[in-house]
Structure formats: C-alpha cells, structure tokens
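Subject: Handover of a structure and notes on its contacts

Dear colleague,

Please find below the structure that I am handing over to you.

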Amino acid sequence: MGILSSLGKRRSVYQINKNLPVSEDEVIKIIKEAVVLVPDAFNMQSAKVVVALGDKQDQLWDGIYDAFGGKVKREKIDGFKAGAGTVLYFVDEDVVKGLQERFASYADNFPIWAQQANGMLQISVWTALREVGVGANIQHYNPVIDEMVKKMFDVPDSYRLVAEMPFGGISAEPDPKPEQDLEARTKVFR
C-alpha cells in the first residue's frame, strides 16, 4: 500500500471498541517503530509517548472525566474509554531547552520543530494503525488533564502533554469526507 493510499484510509474513527483486529503487542510494535522512524530537526528526539491499555485505559478516561468535573458529557468520554487503548503524546521540554542552549541561533525554532515532529509522529502512528484495521482519533484535553496524567503514568515534569489518541477495533466506519476545493488550498506556479 502506498503512502497516499494509507493516508486516504486514515480517518477520525469515533466508534471504537476493545476488540483489536491485531494483538496489543503488534500495536505496541507499530508505535515503537514510528517513534524511531519519524524524523525531527537536529535528531532531537523530543517526542515521547505513553501507551495506556487495559485497566489503565479505563482509569485514564475516568480521570479525564473527573478532571473536567462533569463539564464534558460522560457519553463522550465513554466513547473514548470504549477503545482498547490510548496513545499519549508528549514533548520533552528538557530536550528542547538543551538544544536551545547548544544552538542559540536556532533557539526560537526548536519548540516549533518539536511540535512539527510530534505532529508527524501522530499522523504516522494513526496511519500505521489504520493499515492494520485499528481505528483512532485525536483529542486535546490537555492542559486540564496534565497533572492527573503525569501522576497516573509517573512521567517526568519536563514532559508536556500534546495530544491523546484513543484507539481500538472499529465499531462503525466514519462517513465519507466532504469534497474539498483543492484549488483554494493549493497554488502551483511554473
């Protein structure tokens, strides 16, 4: 399968379940491979992930619900909790700061480059999971949940949560994407 075909299959799948079409070990292997393969500026390796499975998956989403004090509907949170797991994406700010100090001329760019690398990692994991029939979506409940997540998963203070990606078996496929005006989004000059 080519990269464009794979990207075309990647969608926000919200109806997920705990029945993975592949083993948890295969999912972990995919995530780890993406962490290694995704490029980043100066090979900074600032993108970090935590994978919550099983009871930790349920505890995570219950904790997210609690962190919002009921301001996010339980049904919405339970839709994410219904998945087999969640990938938590972080930027290690100590890594970024270290490179800012070593390469002062580029200091302002390292936070930007760290975000770019993290985004590439997210889309790579999301696409690779879809290739094996696993559905996922991306959420941004940070920064409200940051302290709860750090405590639950014992991550260093230097880790800044960027996104949460619940994943699982696909209960229902999403609707087709609406057509886009590519001419308005893409300009070509010769």
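The paragraphs below set out what was found.

The model is predicted, so local features need pLDDT of at least 70 and side-chain atom pairs count only at pLDDT 80 or more, while totals for chains, interfaces and linings use all residues. Residues are numbered from 1 along each chain as its sequence is written, and side-chain values use heavy atoms, with hydrogens and water left out.

Annotated domain

The UniProt record, an unreviewed entry, carries the annotation "domain: Nitroreductase" for residues 9–168. UniProt positions are given in the numbering used here, feature names are shortened, and annotations may be inferred rather than shown by experiment. Over residues 9–168 the chain is 48% helix and 18% strand, and the end C-alpha atoms are 15 Å apart. Helices (H or I, at least four residues) and strands (E, at least two) are DSSP runs, numbered from the N terminus.

Salt bridges

The structure holds seven salt bridges, the term meaning a side-chain nitrogen of Lys or Arg within 4 Å of a carboxyl oxygen of Asp or Glu. One of them pairs Lys-18 with Asp-58 at 3.0 Å, N to O. Lys-18 lies in the loop between strand S1 (16–17) and helix H2 (24–37), and Asp-58 lies in helix H3 (residues 54–67), so this pair ties together parts that are 40 residues apart in sequence. Lys-18 is partly exposed, at 44% relative accessibility; the classes are buried under 20% relative accessible area, exposed over 50% and partly exposed in between, with a 1.4 Å probe and protein chains only.

Another salt bridge, between Lys-29 and Glu-33, has an N to O distance of 3.9 Å. Both residues lie in helix H2, four residues apart, about one turn of the helix. Lys-29 is partly exposed at 46%, and Glu-33 is partly exposed at 40%.

In helix H4 (residues 74–81), Arg-74 and Asp-78 are likewise four residues apart, about one turn of the helix, and their side chains meet in a salt bridge of 3.0 Å, N to O. The relative accessible area of Arg-74 is 25%, which makes this residue partly exposed. Asp-78 is also partly exposed, at 33%. Salt bridges that share partners join Asp-62, Arg-74, Asp-78 and Lys-81 into one network.

Two loop residues

Gln-139 is found in the loop between strand S4 (135–136) and helix H7 (146–153). With a relative accessible area of 10%, Gln-139 is buried. Its side chain makes a polar contact of 2.9 Å with the side chain of Asn-137. A polar contact is a pair of N or O atoms within 3.5 Å; within protein, one must be able to donate a hydrogen and the other to accept it, and residues adjacent in sequence count only if both atoms are side-chain atoms. Leaving aside neighbours within four places in sequence, Gln-139 is in contact (heavy atoms within 4.5 Å) with Tyr-14, Trp-61, Phe-80, Ala-163, Glu-164 and Pro-166.

Ser-171 belongs to the loop between strand S5 (159–170) and helix H8 (182–185) and is partly exposed, at 47% relative accessible area. Ser-171 and Asn-17 are 154 residues apart in sequence, yet their C-alpha atoms are 6.3 Å apart in space. Their side chains are joined by a polar contact of 2.9 Å. Apart from neighbours within four places in sequence, Ser-171 is in contact with Gln-15, Ile-16 and Asn-17.

With kind regards
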